[in-house]
Every structure is written in C-alpha cells, then in structure tokens.
Amino acid sequence: MGKVAMLIDTSKCTGCRGCQVACKEWNDLPATTTTNWGSYENPPDLSASTWTRISFHEVADDRGVRWLFFKEGCLHCTEAACVEVCPTAALQYHEMGFVSLDEDRCNGCGYCVEFCPFQIPRLEINPLTGQGKAYKCTLCQDRVTNDLIPACAKTCPANAIQFGDREAMVTMAQKRVEELKAIGYTNAVVYGDKELGGLGRIYVLTERPSVYGLPENPQVPALTRLWQKGIQPFGYAAVGLTLLGLGFNWVVQRRVARAAEAEEEG
Amino acid sequence: MTNHWIDIKNADVIMIIGSNAAENHPISIKWVEEARRNGAVLISVDPRFTRTSALADIYAPLRSGTDIAFIGGLINYVLENELYHKEYVAEYTNASFLINPDFGFENGLFVGYDPNKRKYDKSAWSYQTDADGIPLEDKTLQDPNTVFQHLKRHYARYDLDTVSAITGTPKEVLEKVYSTYASTGQPGKAGTIMYAMGATQHTYGTQNVRSYAILQLLLGNIGVAGGGINALRGLHNVQGSTDMCLLFHILPGYLKTPIEADETLAAHLERVTPRTNDPKSVNWWKNYPKYMVSLLKAWWGDAATPENDFAFHYLPRNSANYSHIALFEAMYRGDIKGFIVLGQNPAVGGPNSNMERKAMENLDWLVVIDLWETETAAFWKRPDVDPASIQTEVFLLPAASYVEREGSVTNSGRWIQWRYKAVDPIGDAKEDLWIVNQIMRRLRDLYATQGGAFPDPIVNLTWDYGDGLPDAEQIAREISGTALVDLKDKEGNVIVKAGQQVKNFTQLRDDGSTACGNWLYNYYTQEGNLAKRRDTVDRSGIGLYSNWGWCWPVNRRIIYNRASVHPVTGEPWDKEHPVIRWDPVAKKWIGDVPDGGTPPNTIHPFIMKPEGHARIFGLGLADGPFPEHYEPWESPVPNLLSGTQNNPAFKIWASEMDYKGEADKYPIIATTYRITEHMQAGAMTRNLPWLVEAMPELFVEMSPELAEEKGIRNGDKVVVETARGSVTGVALVTPRFRPFQVNGRMLHQIGVPWHWGYMGISTGDSANVLTPHVGDANTMIPEFKAFLCDVRKAV
C-alpha cells in the first residue's frame, strides 16, 4: 500500500469543530470540563483526551481583520523525532505513512512530548497506578487500515479535510494554493509537502505558517539522534541502578521488537 | 429558497446578509466555496466579523437593523448607474405598470395611514387598469406613475452619504459591495442572496426580505441558476413545517385560513381566488378551489359533501392573532389555560422570556413533549421562584429523536427527502406520530361519547391509523393526493383509477372527487414514494439532481425559471448555466421542470401572481409597497430618513411586563445569535458533554473600544442589562466587533448567543430575557436582532 496523507485546507475551514467532536466520538475520548476564557476556542490545549482541536487566530492589521481556523494535531512526520526517541517502540512509522501509537507499549517516559518539534503528544499520568501514557492523533489508524477515512475527514462539512494517497494530496494542495493566489491570497502556501521528509498531514495555509503557531522550518532536534544512539542507555542510570542494569535490555528488546515487526510488515 | 443549496455553486456573486451561514448552515459553505473556485466573490454583511466573514472576499459591517438602508442604497446605486437588467425589468416585473395617481409617500409614511389603528388603508396602493382590469403599462418606464419611476424617487434619498450615516458602514466599503453586487445585473451573470433570521427578526423583517427581492428583480437574478432569494431555514425541517401550516394564518400548501366573513365555501373561494383577464397570465392560484376542496376531502372524507360545502364550516375562522407573542400575551392575561409544547422551548427561545415564563404560571396544565426536561417543562422550578406558588399541572412526555423515527423532511431548497429510522427510541420515548395519535383517539372518543359544543369536526375527522404507531407512508399518500372515484379526461378516458395516487396537483378537482392533504406535496405517486429517490447523477449540468428526492412544486428545482430565458426566443440569459431552454425543433423545454410548458412568449413567467409579473411594487403587505428604513423599536438614534421613527404598522403590546428601554439608560445596541456548537434553545446540545466542552458558557462579544470604556478585560464576567432583564456572561473582547460611526456618533454594539438556560449540563442565563415582545408588522416574528442594553463588569 502507498503512503497516505491528510490534507487540511484552512481556506475552507469554517471553524465548526465537527472534526474535534468526531475525533472524540470515534476514539472514545471523554469531554473535559472547560470554561469560556474569552475565546471560541476550547478545550484550551491538546491533551490526553483531545487529540485534535481547532485553534482560532484573530489577526487585525492594516489589511483589516482576519479570523483563521487551524486544525491542530499530529503531523505524522516522515522523520519523526518522537519515533526516534521512543524507547519502547510504542511510536512507529507505519508503512502507510503515519506515525502509529501502540498505547500498550507506551511506558510513559515522555520523551516524545519533549522532542516533538510541533509539541503535539501529551502525557497523562494515571492517578491510581502512577503509570504515564502518551497520546496523540493516530490518523485513526484503526479506520485507515480498514479502508475507512479518518473520523475528522469523514465529518467535515466544508470539505476542508481530505484524505487519500499522499502524492494526490500534495498535488491537490499545490493546485489549491495556485487557485488561492489567483483570488488574492498572496501568502497562500503548502505546508508539509517537504518538511521533515514530508508530513502525513499537509496544510494549505492562507498566511505564513508562524501565524498559526507552526515552525517555519521544523527540524528534528540534533539531540534526538544523539539521544537515541548514545545517551539514551545512560539516561536510565540517572533513574537508578536497577534501571541501569535494564538499560541494555531495553535497547536489545527494542531492536528485537523492531526486527520482528519489520518481518511482519515485509 | 427559490433555488437550492447546490445551486449556490452557480453564482457569480454571493451576498450573505442577515445570516452567519458558516456558523449555522456549515454545509452551505461547501457550495459557496465551489462558487468561489469558479471565480465567484463572497460578500459578508454583518454587524460583527463572523465565521462567515472569515471566508469572505468583502466584509461589510452594518449596524443591526439597518438592512433596508443598506439595500436601499444598493437599489439606488443600480438605478442611478443604470446597471439593472433592462429587458428583464421591463418584461418580467411590474416596473412598467402604472400606479394609482392617489398613491404617495411623505415623511416615512405611505398614503392611507391611520395612526390610531396603526394600520394602512391600502386602496391607493394599486395599479391603473384598462376596462378589462388589466394593468396599464409604459414599457419605456418613463411615465412618472410607473412603478419604476416611483422606485427611483423612493430610493433616490438613499445616497451613499445618508446610507453610511445610518448603517455605520464606511462609504468605501459600501461602494465596493455595491459595484460588486451590481455587476450581476449583466445578462448572464447571477448573484444570490443568502439570508436567515438576521433579516427576518425585526419589526420590519418582511420588508428587509422585500428589499432583497426588489434588488434581485432589478438585476434579473430571480429564476436563474446561481440567483434567487435564499432563506436558510433554521432547522432541517422548518421548510416542511411551514409548508404544512405550522403558522396560524395559513392551511397546508399556503391555502388561506377562513375569516369571519367567509360564511360559505363559495364566499371564501370568491374572496381568495384571484382573477385576471390577461390571456398571457397563467394566474396559478385560479386553481385554489381545487386545492381547498381536496384538502377538505382529505380531512373529512365522506362527511365532506357538496351539500354541506365539503364541511368548510368545520374549519376554525381566524378571528384573532395567534402568533407566538400574541399567545403569550393572552397567556399572561390568563386567557389561555392549557398549553401543549412540542418541538420548541419558549422559556429559552421566546422573546422577553421572563415574561413568557411568568405567563406560563397562569396555565392550569402544560404538556411538554421533548427529548429532555427543558426549561419550559421546568418553568415551575426555575431559579428565583417558589414552586409551591405555581399551581400548573405539568406533564412531560418523552419523545423520540429524529433518528428514532421515520418520515419526510423538507430542506430549505424545498427538497422532500425520506428519512429512515436508525435506532429504536430509548426507554419510554415515543414518536410524535404515536403521541399525537393517542391524544387524537382519546379526544375523539370523548367527543363521541360525551358530545360537546361542536363535536363534528373531531368525530368526523379522517383518522384511521390504528392504535399503534401510524404508518408514515400512509400519511404521505394522504398528503400527496388520491383519486376518490375514477378520474376522466375530457374525452371520457380514465386517467386515474379510484384509490390511486394522483400524478400531481394538475389532477386535483374541486368537485370532491380527489383528496389531497397538501396540493404542493405530490411526492407519493403511483410510482411510489419519490422522497426516497437517491439518484446521484446530475443530468442538468447545473446541479439540479432531479432524481434525488422530490422537490415542490412538481419537482421544479429552481422556481420562476421561465424568467431565466429571453421572453421571445426562450434562449437562456446564461448559456453556461441554463435552467431551461426552448428547443424549437422538438417544440419543448429542456432542463428543469418549467414554470408552465407552453412555448416562449405565450405566458408571463411569474405564474403565482394574477398579473404574471414579479412585484417590485408590492400590493399586499401591511407596511408599504416599498421597503422604507425605520429604526428598531429600541434605537439610540433618530431616523435620518424621515420623521417616522419606527415601522408605523407593527403591534405594540401593553402588559405590565412589556418594558421599552430608552437610549439614555441603555445606550448600547445588542443582538442575539446562534453558534455552531449549540442548537436553538440548547436542550439537544447543552446535554452533550463534547459540545459543552467546546462551548461551555454564555459569552458576550464586544469591541476593544467598548471594553476599554467599561473597564472590562477579555474573559471577565460581565452583566448585560435591558429594560426587561439581565444576564451574566464571559466577555469576549475582539477586534471582530467594531464601534459604528453613525451620523458622526460612535455607537457600540454587542452580541449574545441565546442558547443557554437553567436546565441541562451546561446552564447559563438566557439571552432572551433581554429581548422585547414586539414583532414584525406582517409576520409577527419577534425583534430579536436589535434592542438596547447597557453592559458592566460583574462584581
């Protein structure tokens, strides 16, 4: 199967947040208690129970007022810092082009939270067990591996969320940017076609990426690779001598797990 | 809608005014965006910069309640610059008709006004006619008595400076909107107007919509693809309930309710059936008697006979105003003792809702049929009342939701679509049909066994649905129309056998041989239930999808479509998007179902009017043949255009709770609206945690300027107070709201969504405790959209 991607066309988004609710419905994510904090935006941030949400950006300048709606969530990097640093292989590159998350394998170390250049994953500590788990959008991996499109794309009434073959999505995005430029959106740009080896979530933006809080030139932190290759085993030493002893095992086990999966996928 | 949702994609310019379509009709935006892809320009006109404005090419702010000034200025612009569609205006509208020389207009009043009755004598609002009663015309439009010249004089006063001083819209923005929209006056170009409650919920709401109609007629935008006057209805089946006589002044299919003077069926038919001697006028309402008699036969069957006027005397005579406000005024006076509420929640949705909640205390009994215990059902235990002091007996019947029952729904585009039941109702919840059937059966038994003042209409009603859940398709067949005997054509051939469904309303008769519950709704024919059709192939090329569901009337997707073609040749004005076109070889129309199938140049296109022409000059409304700007009932400024401050013809109520606020105490303009995350009075959405999470609390939107003046910061709790009540909400301070420069003064406006109440998992004050108990002069729809308030930081 070829790589897939989600295309989010911000020029079509009405900020209705059907995607936000559909995500919770499909993934069985509970509502949190919120208050109005002087914005249409809520919940105020991504969390273990909010994997996608619309952020609202008001821009008032000499061009007048603009109100931009931006769908936040995992960008499914091809060069994903979270996968690189994940010690348990809970986060993996899926052959379909997204970053999959296996909750059962997650040990709650939180490295993914620290290293994601887009600050997407969120860690939740179970108050009873003390066990942490990381959460993020999985591109509805249970749906897309069963020939269904992600819940958010399915529900979007404005056709602002498209899903399909990655190359087709990139072409569609580029074509849309040309259309937008022709009707006066001079800042329109495709985001995600090339960033970090190409993202599994491609945006059509009508303003510079930074206006939406996106890094203009995202990088996998150099430390990530250093971390994975060199420091990671020693990192456990800091936790305790027991873990130091297990450190090697972790690395080995992880390699074994990856090799086994590579065989399955192959 | 004259057109339909998908047709929006065919527009060259889209003006969304009095509507926040992106927020309240998200699905429409798909088609708006499709139009923009093809080069269309989107204009958003709104007091605040909304989610719709966010998508627009041009945003025009206007002060709430000044739509007529805004559109009047556009009409003036079109006339002054001769940008109207000249052939269309001359041939298809009444612009060329000569008006009675006694007609006049002075100081904001049309001729015939009686200030004591607050009513017009409309006799001078009429055409000059020849001996046959056919209106006199001047096709050159030069005669000073033509509608066209009256129109020009009327709107000449709406110059850019005056309009900008009234609306607060900057002049350069007005000019940009005007020149953009007026470009659709070129033959072959189409502009559409999408509107909703922002237009209608004013004391002159009907005239707001009339102003759109006049504009669209001048530009030749009615009947064409991508054009029209498009009312975005507030719920999935509002159009259906309107068609089926939700409103008190009509019967199904817009037949008229009898008045006291209609002592016989003949008298009624004589009064309401229009006549014309113009051979080119189709005058479709001449068929009224067929539809009325067929309705009476559907309702009373064998008890409706020629001898008893088909039971016409069973129909209640419309002797009073039974609109929403009037009902609650009567309830407040103690004149109404029992109240059945289904599909609404007036304790949240009604204007001046403190008064309406108080009025319900005078009821002996209240039945609420709903999915949840709504604020209306719980009015007796609302905050700040002592339940022991309220004697009303309240019954709450759990209702099935729309996914738990079967039936038809009619969308804004008049498409009737069958909706299937998805799941069984939860617990004891029952379908509306089941509940109404049980009530009716018990009532009928009571009248049959105990008699009463007039039991016949109830005892003799056709009501044979058994004791369980009525069959929705049986009702669909009754609505659609059935032959009661063999129907024959002029040659005596049987065209419909007794017991069969009629093909459409052309087969209905006025002799009692047909029964039809709504002449417009012939969707269940001998071919079956056409509302179930799901053909996704568009053969029209303009998105008509004629074999998807069924559309009233006669599956015509764009009404008045005979106006989309040249009057003589039958060639479409817009050759890229032809709705219909005349095929001279085949001698028939190709495309949509035409408004009359005769060849070009044989009939006038506006077949529902006896004169066959669309009315730029309106004859029938309560408050004038042309829309005129007045201020809302509560306004901080004098009317700049005349000495007549308010619409002179709406009813002013006078109970002790009908307070009016003055600008010295309440200087800030307020409006109410909905948001995407919540539905109407909120029962359906304030009980859903995900939606509550997304939009948890009542908020008050205001400009940074007002916030600064009042010492309010974003996120502060604020109190909004009017003469009628106050609410507390979270301040949402945003540059999307700007103060208006109105005639040299800076005026502030705020906005409050009206979804909250004291029940459900998200509670909050109801914005409608703020709104006044006054309504439109024609429809009585409340003035929710413009009133006066003050705002302060909550302590």
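In the predicted model, Arg153(B) and Ala156(B) are exposed on one side of helix α5 of chain B. The buried residues of this helix, which spans residues 147-156, are Val147(B), Phe148(B), His150(B), Leu151(B), His154(B) and Tyr155(B). Viewed down the axis of α5(B), these buried residues fall within an arc of 160°, so they line one face of the helix. Their cover includes α3 (67-80) and β4 (105-106) of chain B.

Chain B as a whole is divided into three parts: domain 1 (6-98 + 155-236), domain 2 (249-320 + 415-527) and domain 3 (668-793). The centres of domain 2 and domain 3 of chain B, taken over C-alpha atoms, are separated by 43 Å.

Chain B also meets chain A. The contact involves 28 residues of chain A and 33 residues of chain B. On the chain A side, α1 (18-26), β2 (53-61) and β3 (64-72) each give two or more residues. The residues on this side of chain A comprise 11 nonpolar, 11 polar and 6 charged.

Strand β3 of chain A holds Phe69(A). Is this residue buried or exposed? Phe69(A) has 26 other C-beta atoms within 10 Å; a residue counts as buried at 20 or more. Phe69(A) is therefore buried. Leaving aside residues up to four places away in sequence, Phe69(A) touches Thr10(A), Cys13(A), Gly15(A), Ile54(A) and Phe56(A). Arg53(A) lies 16 residues from Phe69(A) along the chain, and 9.8 Å separates their C-alpha atoms.

How values were computed: Residues numbered from 1 in each chain as written. Chains lettered and ligands numbered in written order. Predicted model: local features only at pLDDT ≥ 70, side-chain atom pairs only at ≥ 80, totals over all residues. Domains from an automatic or database assignment. Contact = placed C-beta atoms within 7 Å. Helix = DSSP H or I, 4+ residues; strand = E, 2+ residues; numbered from the N terminus. Nonpolar A, V, L, I, M, F, W, Y, C, P; charged D, E, K, R; others polar. Buried ≥ 20, exposed ≤ 12 C-beta atoms within 10 Å, placed from the backbone. Arc of directions from axis to C-beta.
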